[in-house]
Amino acid sequence: LTLAVVLPEHNLTYPWAWPRVGPAIHLATAAVNARPELLAGFTLRWVFGSSEDSHGVCSEIAAPLAAVDLRLAHQPDAFLGPGCVYTAAPVARFTSHWRLPLVTAGAEAHGFDDKREQFGLITRAGPSHRKLGELGVQLHRRFNWTHRALLVYCDEKMDDRPYFFAAEGLYVQLPAVHNLTIVDIVFHDGGNFSFIIQEIKQKGRIIYICCAPETLRELMLQAGREGLTQGDYVFFYIDIFGESLQGSRFPEPQRPWKRGDRHDASARRAFEAVTIITYKEPENPEYQPFLTQLRAEALKHFNFSMKDGLVGWDWEN
């Protein structure tokens, strides 16, 4: 049996980059083949194709071409990946046409929930922004927030647009709260934070923020200066993989406000108004031994030093 893997080959900014996922595939393949009763009469193997273009970015052109090449050359029985939204979509359309299953830890966007036709054979093992939106619905119902919600997110309209798609899950699901008005405030890196805070003042008290950790800190510092962190406003920061809570340098674990500069004290006070929404690491007893194996495999076969956390962020390589 052949598993076709289509993932970013080198770019470690993606949670599902090959140096992170490859070690797990190595371990899983070896474990399955060590137990012949699991696939009686078969041996599991994998083949790889990169979803990156020449600039190292997930490409909606490179990924389906890689999938077609793997299909013609190896006749795989299933696909693993891609993870990026804009690469997973065309590959999933091909695999659906070929009647082959596709498993991915990505493809979080709301559109992949439609299982009627082109995405019917996708299994997502990772986050789903629909579930994020459903969490938002439960929060609003629990605390009777029924007037207005603000979605404040950064969108450069480049690469995989992770903040846009995270906000989309909330935007689609929150209208399930009766009479709730959803307002979105879109900004770009290096934007006018004072303007954003003025928009928040005028348009709502329940705010969901999707952006990079550094941007969040600048935004909350401005919110503190404008008096929005005294309890009258509720800030939720959407941090799917806990990036703001990881790192051996800055931001330090559990201290997303700290940078070692003169603004730390103000940032700490401002962050008291922030609730970070992230996925929880597994707590089952098998998880830590698996991580130990994974780190050893990554270092041995990929020369990659994995760190703790949902993604295994690498700050040194």
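**Close-up views of a predicted model**

**View A. Ser266 is partly exposed, with a relative accessible area of 34%.** In this classification, buried means under 20% relative accessible area, exposed means over 50%, and partly exposed lies in between, computed with a 1.4 Å probe on protein chains only. The model is predicted, and local features need pLDDT of at least 70, side-chain atom pairs count only at pLDDT 80 or more, and totals for chains, interfaces and linings use all residues. Residues are numbered from 1 along each chain as its sequence is written, and side-chain values use heavy atoms, with hydrogens and water left out. Ser266 belongs to helix H8 (residues 264-271), where helices (H or I, at least four residues) and strands (E, at least two) are DSSP runs numbered from the N terminus. Met220 is 46 residues from Ser266 along the chain, and the C-alpha atoms of the two are separated by 9.2 Å.

**View B. Five strands with parallel pairing form an open sheet in the order E2-E1-E3-E4-E5.** The edges are strand E2 (45-50) and strand E5 (122-124), each of which pairs on one side only. From one strand to the next, the twist averages 25°, with axes given by lines fitted to C-alpha atoms, for helices over the stretch in contact, and angles running from 0 to 180 degrees between N-to-C directions. Two strands count as paired if DSSP finds at least two bridges between them; strand E3 (residues 78-80) and strand E4 (residues 102-104) pair in the parallel sense over two bridges, and Phe79 has Leu102 in E4 as its bridge partner. Helix H2 (residues 62-74) lies across strand E1 (2-7), E2 and E3, and runs at about 145° to E2.

**View C. Cys58 and Cys84 form a disulfide, with their sulfur atoms 2.3 Å apart.** A disulfide is taken as a pair of cysteine sulfur atoms within 2.5 Å, and a search of the whole structure finds one. The link of Cys58 and Cys84 is right-handed, with 55° about the S-S bond. The pair links distant parts of the chain, 26 residues apart, with Cys58 in the loop between E2 and H2 and Cys84 in the loop between E3 and helix H3 (85-97). Cys58 is buried at 10% relative accessible area, and Cys84 is buried at 0%.

**View D. Cys210 is in no disulfide, and the nearest cysteine sulfur, that of Cys211, is 7.7 Å away.** Cys210 is buried, with a relative accessible area of 1%. Cys211 is likewise in no disulfide, the nearest cysteine sulfur being that of Cys154 at 7.0 Å, and Cys211 counts as buried at 1% relative accessibility.

**View E. Strand E6 (residues 148-154) and strand E7 (residues 181-187) run parallel and are joined by seven bridges.** Within this pairing, Leu150 has Val183 in E7 as its bridge partner. Together with helix H5 (residues 162-173), E6 and E7 make a right-handed β-α-β unit; a crossover is right-handed if, with the strands pointing away from the viewer, the path from the first strand over the helix to the second runs clockwise.

**View F. The chain is assigned to domain 1 (2-127 + 284-302) and domain 2 (129-277).** These bounds come from an automatic or database domain assignment, and the centres of domain 1 and domain 2, taken over C-alpha atoms, are separated by 31 Å. The contact between them takes 13 residues from domain 1 and twelve residues from domain 2, with contact meaning heavy atoms within 4.5 Å.
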